[in-house]
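Please look through the model below before reading on. The paragraphs that follow go from one residue to its partners, and then out to the rest of the chain.

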Amino acid sequence: MTTNDRAVIIIPTMGSPELIVRCVSRILMNRAHWNTHLIVVANPHEDGKESCAFSKLQVESEVHAVQTVEAESANGVGPVDVTLNWISLPSPAGWVGAVNEGVEAALEEFARYDARYVIMNDDALVGAEWLTELSAAFDVEKILPNRYGWASIKQCRLDATGRGTKDHNEQRVWLHGVC
């Protein structure tokens, strides 16, 4: 891994402060050398919009604190490598709808970069080197036995139905799974 490794992390959330704030905090604590771009897609029900707005303020504060420390430690040299894009959906779209919005935003903003894309739930709590370990899984193809014989676990892109595409010309790899 190099100091230019870039991760775009898409997190759909209903905006519960006890989930999304803790999730983002752990990502920021455990991102190591990765340039980290968070795309939080807020997808609350009507009665959750107030807590979602509160969560947004807390997450923005966490990200700003990291940006400030990094800017000060770099003495103004080099870019700050943590960004946040908080997308508030106008109405509930479900988890899949929120993921789709996040993926669309990621492609608009980061398609020109070589990056690792992660889609994760807001209740995930990551540990040290999680991005490095997850990324390493994309760098190899594994052959695993299954009840039908052997399955190839490799990089693939899922289509709208959640099935692996057969098109090997896809530019972006989104998920690691059986294709």
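Begin with Arg31, which counts as buried because its relative accessibility is 4%, under the 20% limit for that class. The model that gives this value is a predicted one.

One partner of Arg31 is Glu70: the two form a salt bridge, with 1.8 Å between the closest N and O atoms. Arg31 sits in the loop between α1 (17-29) and β2 (35-42), while Glu70 belongs to helix α2 (residues 49-73), so this pair ties together parts that lie 39 residues apart in sequence.

Another partner of Arg31 is Asp81, again through a salt bridge, and here the closest N and O atoms are 3.4 Å apart. This pair, too, links distant parts of the chain: Arg31 is in the loop between α1 and β2, Asp81 is in the loop between α2 and β3 (82-88), and 50 residues separate them. Is Asp81 buried or exposed? Asp81 counts as buried, because its relative accessibility is 16%, and the limit for buried is under 20%.

How many salt bridges does a search of the whole structure find? The search finds three. Lys56 counts as partly exposed, with a relative accessibility of 29%. Glu60 also counts as partly exposed, at 32%. Salt bridges that share partners join Arg31, Glu70 and Asp81 into one network.

Ala42 is found in strand β2. With a relative accessible area of 1%, Ala42 is buried.

Now step back to the whole chain. The protein chain has four helices and seven strands. Following the sequence, they come in the pattern β-α-β-α-β-α-β-α-β-β-β. The chain has 179 residues, of which 39% count as buried.

One of the buried residues is Ala7, with 0% relative accessibility. Ala7 lies in strand β1 (residues 6-13). Which distance in space goes with the 125 residues that separate Ala7 and Thr132 in sequence? From C-alpha to C-alpha, Ala7 and Thr132 are 9.9 Å apart.

The cysteines are another matter to check. A disulfide is a covalent bond between the sulfur atoms of two cysteines. How many disulfides does a search of the whole structure find? The search finds zero. Cys23 counts as buried, at 0% relative accessibility. Cys52 counts as buried as well, at 5%.

Charges also gather on the surface. Glu101, Glu104, Glu108 and Glu109 form a patch of negative charge there. Take Glu104 as one of these residues: its place is in helix α3 (residues 94-110). Is Glu104 buried or partly exposed? Glu104 is partly exposed, because its relative accessible area is 47%, and that class lies between the 20% and 50% limits.

Last come two residues picked out by their backbone angle phi. Most residues other than glycine have a negative phi. Ala32 is not a glycine, yet its phi is positive, at about 55°. Ala32 is found in the loop between α1 and β2, the loop that also holds Arg31. At 45% relative accessibility, Ala32 counts as partly exposed, whereas Arg31 counts as buried at 4%.

Glu129 likewise has a positive phi, near 60°, and is a residue other than glycine. Where is the place of Glu129? Glu129 is in the loop between β4 (116-119) and α4 (130-138). Its relative accessibility is 38%, so Glu129 counts as partly exposed.

Notes:
Residues numbered from 1 in each chain as written. Predicted model: local features only at pLDDT ≥ 70, side-chain atom pairs only at ≥ 80, totals over all residues. Heavy atoms only, no water. Disulfide = S-S within 2.5 Å. Buried < 20%, exposed > 50% of the residue type's maximum accessible area, 1.4 Å probe, protein only. Patch = residues over 30% accessible without salt bridge, like charges linked within 9 Å, V, L, I, M, F, W, Y side chains within 5 Å. Areas by Shrake-Rupley, 256 points an atom, 1.4 Å probe, with all protein chains shown as cover. Salt bridge = Lys/Arg side-chain N within 4 Å of Asp/Glu carboxyl O. Lys, Arg positive; Asp, Glu negative; His and termini not counted. Charge placed at Lys NZ, Arg CZ, Asp CG, Glu CD. Helix = DSSP H or I, 4+ residues; strand = E, 2+ residues; numbered from the N terminus.
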